[in-house]
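Please walk through the structure shown here, taking one chain after the other and ending with the place where the chains meet.

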Amino acid sequence: MDMSGSYRIGAPRQAVWTALNDAEVLKLCIPGCEEIEQTSPTTMTARVVQKIGPVKARFNGAIELLNVNAPQSYTIKGEGQGGVAGFAKGAADVTLSEDGGETVLEFEARAQVGGKLARIGSRLIDAAAKKVARQFFDNFHDHLNGKDPPGD
Amino acid sequence: MYPTKYHKAASIDDAVAALGAGEEALVLAGGQTLLATMKQHLASPSDLVDIRAIDGMSGVSTDGDMLVIGAATTHAEVAGSADVQRLCPALAGLARGIGDPAVRHVGTIGGSIANNDPAADYPAGLLALGATVVTSKRQIGADDFFQGLFTTALDDDEVITSVRIPAASRAGYAKFRQPASLFALVGVFAAQGAGGTRVAVTGAGEDGVFRHVGLEAALGADWSAAAAGGVGVASEGLLADIHASAEYRANLIGVMAKRAVEAS
């Protein structure tokens, strides 16, 4: 499934770019992220818990930054195994443009789930994926505007 | 396999304590969603706290013109209750149309609203009727209780004890079923009462049950199928999946709104 969106962030582009490349910031903003570890400048490993209604799955996965064009754009790609639940993977093309001291963040994301999750949850996967993406960018926006997301 | 500890709570305090003590404890009511999910290993709670045996948790009573339905009351009990049929026949009809007979005889009103599945029937009924959810620690109005896809105002250690539903002067519910899952592809509950005219839509919103302002305004001015049919329903923010596009759901909202008014 595909989704896209645009956010205006009250911070200069360089600051937004730095945050987008900071594992600690990503940990704060990725919904359900329990742990994240930088393994190279462009790769990280992460543990993420996703809860969609009664379904709760813990994904161990890798995050990779591709097509890096500092401080304008990159592609952030994640892929995780959720044990018996199946797998989830997704990627987002993120572009930052300057607009009078503020930054406009635009993203186009694609997400895919497989295994049992997809079979059982097909009724809801799209809505859930959109919600997770929206939460991430809401959290990111709040973080840069000085409001940190709740711990969960 | 994974171990799960089963607690049969004797009281609400007992249930709250067990929920707080478990590493990942969940309330078990009818289990029509939770147990099916556990069987698939898509949920593995450390503890299940069964609240069905707690005194006063199930059954329907009245408080003046207010229906008081215990959280562990099954859909079949709500459908068959003389009080519900008298004070709010549309709600009895809603309960009679949930899932299949097996679900209706085990599934509970509290379980349905705590889960807040975006295609469940009860959230639409409670939101349109302006119900109040009573929990182990407070009372929450339906407008504040339902907070989006599978999300409610409930804390992890909070237990729903009952639902209080004011009688409406006019109310109707109509849904278009997804024939395989029996969930609502779109369901519309329209009600008019002391709280004004309220129209709630389930099955269609990307973020779960919602009130439709346009339908409320039209039906508030003229409670008729024609008035409902004259409202343009936008497809923005509606679910799209292999069963129906957002545009198809938008159209169904209009059609179900008309039928809900005709049924009232």
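**Chain A: a run of hairpins**

In chain A, strand β3 (residues 43-52) and strand β4 (residues 55-69) run antiparallel and are joined by ten bridges. This is a predicted model. Within this pairing, A:Lys51 has A:Lys56 in β4(A) as its bridge partner. The two strands β3(A) and β4(A) make a hairpin with two residues between them, and A:Gly53 in the turn has a positive phi of about 60°.

β4(A) also pairs with strand β5 (residues 73-81) of chain A, again in the antiparallel sense, over eight bridges. Here A:Asn69 has A:Ser73 in β5(A) as its bridge partner. Strands of a sheet pair through backbone hydrogen bonds, in either a parallel or an antiparallel arrangement.

Read from the N terminus on, the elements of chain A follow the order β-α-α-β-β-β-β-β-β-α-α. The C-alpha atoms of chain A fill a box of roughly 45 × 30 × 30 Å along the principal axes. The radius of gyration of chain A is 15 Å, which agrees with the value near 15 Å that a compact globule of 152 residues would have. Of these 152 residues, 31% count as buried. Among the contacts in chain A with a separation of 6 or more, 46% are between residues 24 or more positions apart.

**Chain B: overall build**

Chain B has twelve helices and twelve strands. Its radius of gyration is 18 Å, close to the 18 Å that the globule rule gives for 264 residues, so chain B is as compact as a globular protein of that length. Along the principal axes, the C-alpha atoms of chain B fill a box of roughly 55 × 45 × 30 Å. Buried residues make up 52% of the 264 residues of chain B. Of the contacts in chain B with a separation of 6 or more, 60% involve residues 24 or more positions apart.

The domain assignment divides out domain 1 (5-50) and domain 2 (170-264) in chain B. The C-alpha centres of domain 1 and domain 2 of chain B lie 34 Å apart.

**The parallel sheet of chain B**

In what order do the three strands of the open sheet in chain B stand? The order is β1-β3-β2, and the pairing is parallel. β1 (5-8) and β2 (25-28) of chain B stand at the edges with a single partner strand each, so one side of each has no neighbour in the sheet. From one strand to the next, the twist averages 25°.

β2(B) runs parallel to strand β3 (residues 47-50) of chain B, and four bridges join the two. In this pair, B:Val27 stands opposite B:Val49 in β3(B). Helix α1 (residues 12-21) of chain B packs on the sheet and touches β1, β2 and β3 of chain B. The direction of α1(B) makes about 170° with that of β3(B).

The hairpin from β10(B) to β11(B) passes through two residues. B:Val188 has B:Val201 in β11(B) as its bridge partner. B:Val201 in turn has B:Phe210 in β12(B) as a bridge partner. β11(B) and β12(B) run antiparallel, with two bridges between them. Five of the seven residues of β11(B) are buried, so this strand is largely enclosed by the rest of the structure.

Helix α10 (residues 213-221) of chain B has B:Leu215, B:Glu216, B:Ala218 and B:Leu219 as its buried residues. An α-helix has 3.6 residues a turn, so residues three or four places apart point the same way.

**Where the chains meet**

At the interface, 17 residues of chain B are in contact with 16 residues of chain A. The side of chain B that touches chain A has eight nonpolar, six polar and three charged residues.

Technical notes:
Residues are numbered from 1 along each chain as its sequence is written. Chains are lettered from A and ligands numbered from 1 in the order in which they are written. This is a predicted model: local features need pLDDT of at least 70, side-chain atom pairs count only at pLDDT 80 or more; totals for chains, interfaces and linings use all residues. Two residues are in contact if their C-beta atoms, placed from the backbone, lie within 7 Å. Ala, Val, Leu, Ile, Met, Phe, Trp, Tyr, Cys and Pro count as nonpolar, Asp, Glu, Lys and Arg as charged, and the others, Gly among them, as polar. A residue is buried if 20 or more other C-beta atoms lie within 10 Å of its own, exposed if 12 or fewer, and partly exposed in between; C-beta atoms are placed from the backbone. Two strands pair if DSSP finds at least two bridges between them. Axes are lines fitted to C-alpha atoms, for helices over the stretch in contact, and angles run from 0 to 180 degrees between N-to-C directions. Domain bounds come from an automatic or database domain assignment. The radius of gyration is taken over C-alpha atoms; the globule rule is 2.2 Å times the number of residues to the power 0.38.
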